[in-house]
Amino acid sequence: MLSFWRLAAQYPSTIGNPAKQNEWMDIVRVIALLTPKGDPEQRPALHVAARRLGAVLCDGGDPAPEWSGRPCLSERRFTQLMAAREPLRAVLLTRAARTVAQRRLPGDGINVIDVALAILRPNEERLLAEPYYRRLDWAERIARQTT
């Protein structure tokens with residue numbers, strides 16, 4: 001993964017730190033999966049601070065209020081991801097990113113800082129769980145109002 005080594009050279013104290021290289025390699029892999037395809041000059045920015053990773057794992061990248069309410073990443077898979085620690089956590093997050101990448105709308109960004117923190121700080125469950133369940137709860141409330 002050549003893009004990783006370029007970043008490692010540019011940021012030797014963080015990404016290039018030998019003690020953290022495996023974690024950063026996983027982060028770059030997940031971000032690459034979520035990056036919109038196409039000409040780099042034409043594609044929209046990937047990082048959108050307001051689109052929290054937990055919410056995107058829930059809604060598959062569909063920010064519409066009338067989103068279907070069926071989680072992109074099921075609660076069971078989300079719970080497994082939250083319980084996992086390295087190296088399994090990176091594997092499960094990579095699988096989740098592939099699932100989201102298949103469903104995401106072109107142009108929808110994601111908070112890439114959340115991606116890094118999901119791997120670097122796995123004990124901070126709130127970073128993923130709060131936005132995931134907030135988004136799921138919102139969809140369930142909308143569904144109850146329309147039925």
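## Salt bridges

Let's start with Glu23: with a relative accessible area of 17%, this residue is buried. Keep in mind that we're looking at a predicted model. Glu23 pairs up with Lys20 in a salt bridge, and their closest N and O atoms are 3.2 Å apart. Lys20 itself counts as partly exposed, at 33% relative accessibility.

Altogether, the structure holds nine salt bridges. Another one joins Asp114 and Arg52, at 2.7 Å from N to O. Asp114 sits in helix H6 and Arg52 in the loop between H2 and H3, so this pair ties together parts that are 62 residues apart in sequence. Asp114 is buried at 5% relative accessibility, while Arg52 is partly exposed at 28%. Then there's a network of salt bridges linking Arg51, Asp59 and Arg135.

## The nonpolar core

The largest nonpolar core has 35 residues, and Leu34, Leu53, Leu57 and Phe78 touch the most other members. Helix H5 gives the largest share of this core, six residues. Take Leu34 as an example: leaving out residues up to four places away in sequence, its contacts include Leu46, Ala97 and Val100. As a rule, nonpolar side chains in soluble globular proteins tend to be buried together.

## The largest pocket

Helix H2 supplies the largest share, four residues, and helices H2 and H6 each supply at least two.

Note on methods: Residues are numbered from 1 along each chain as its sequence is written. This is a predicted model: local features need pLDDT of at least 70, side-chain atom pairs count only at pLDDT 80 or more; totals for chains, interfaces and linings use all residues. Side-chain values use heavy atoms; hydrogens and water are left out. A nonpolar core is a set of buried Ala, Val, Leu, Ile, Met, Phe, Trp, Tyr and Cys residues joined through side-chain atoms within 4.5 Å. Buried means under 20% relative accessible area, exposed over 50%, partly exposed in between (1.4 Å probe, protein chains only). Contact means heavy atoms within 4.5 Å. A salt bridge is a side-chain nitrogen of Lys or Arg within 4 Å of a carboxyl oxygen of Asp or Glu.
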